[in-house]
Amino acid sequence: MPRLGSGLGYRAELAEDIDLHADRIDWLEVISEHFLFAREARERLRELARRFPVVPHGVELSIGSDREPDAAYLEALASLVEDVDAPWFSDHLCFTRTDEVALGLLAPLPRTRQVARRLAGRADWVRRTVGRPFLLENITYYVDLATPLTEAQFIAEVLEHCDCGLLLDVANLDINARNHGFDPLDFLDTLPLERVVQVHLAGAGEEEEMTLDTHSEAVPARVWDLLEEVVARTPVQAALIERDANFPDDFTELLDEVGRARTVLASRPAELIGGA
């Protein structure tokens, strides 16, 4: 996997500032569904891909649904990945729809070994169909049902049985740890961290009894600490700042976060740099 460095999630609200400050952003991640079937948006994306490495990140693959992903969707995704010459593509370890209902959210899966192995086979099939490396991302969840495996054990079981990488969202890890009362370092101990290719960083919304995955605030100190912990343990090829709401008036706030993530990636121990 190529080392992309530190990037920013592309959003229409940030487009002008991204153009003006391209020299301070190493790469861009785009939401796949925004470009799959939109001709004008696709041309804009090709322009971006001539200036930045671009990685498509999906929210509607629904790899955990009972039925296989839609063939037309995968065909369009493969075309998108080819258009931007993406080094990899990614989506979430979850489901977003049933046969009849679009849920409108990233829903957690039953954490059993049987489900994990079924998903692993499907993930490999998606990877082969699209023709590029495929990363799976951990999600946030607000209700945690009793299951045989912890979240970290479930992710490890999936990765044990497929040739895919991990997009480790350290903000999601922090949110889940706080909401469900587990130690995020124990979570990292359980994961096959050598499979981490990319990380996500974001700020959360704070409610009275729950932390929410809003991508609406600056990256908090807890998440930076977790990033440093991950980088100290394993090579990470790319870090990304996600911001989807409450965009700062001063774009340098986001550029500073991109720069801070770049600095953390560069701080990895020498023996890990050699193994990247």
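I take buried to mean under 20% relative accessible area, exposed over 50%, and partly exposed in between (1.4 Å probe, protein chains only).

I note that this is a predicted model, in which local features need pLDDT of at least 70 and side-chain atom pairs count only at pLDDT 80 or more, while totals for chains, interfaces and linings use all residues. Residues are numbered from 1 along each chain as its sequence is written, and side-chain values use heavy atoms, with hydrogens and water left out.

I searched the whole structure for salt bridges (a side-chain nitrogen of Lys or Arg within 4 Å of a carboxyl oxygen of Asp or Glu). The search returned 21 salt bridges.

I looked up Glu82 and Arg132, whose side chains form a salt bridge at 3.1 Å, N to O. Glu82 belongs to helix α3 (residues 71-84) and Arg132 to the loop between α4 (113-130) and β7 (134-137), so this pair ties together parts 50 residues apart in sequence. Helices (H or I, at least four residues) and strands (E, at least two) are DSSP runs, numbered from the N terminus. Glu82 is exposed at 52% relative accessible area, whereas Arg132 is buried at 17%.

I next examined Arg111 and Asp144, which meet in a salt bridge of 2.9 Å, N to O. I found Arg111 buried at 9% and Asp144 partly exposed at 36%.

I then turned to Asp189 and Arg233, whose closest N and O atoms are 2.7 Å apart in a salt bridge. Asp189 sits in helix α7 (residues 184-190) and Arg233 in helix α8 (residues 221-233), 44 residues apart.

Finally, I recorded a network of salt bridges linking Arg42, Glu43, Arg46, Arg50 and Asp83.
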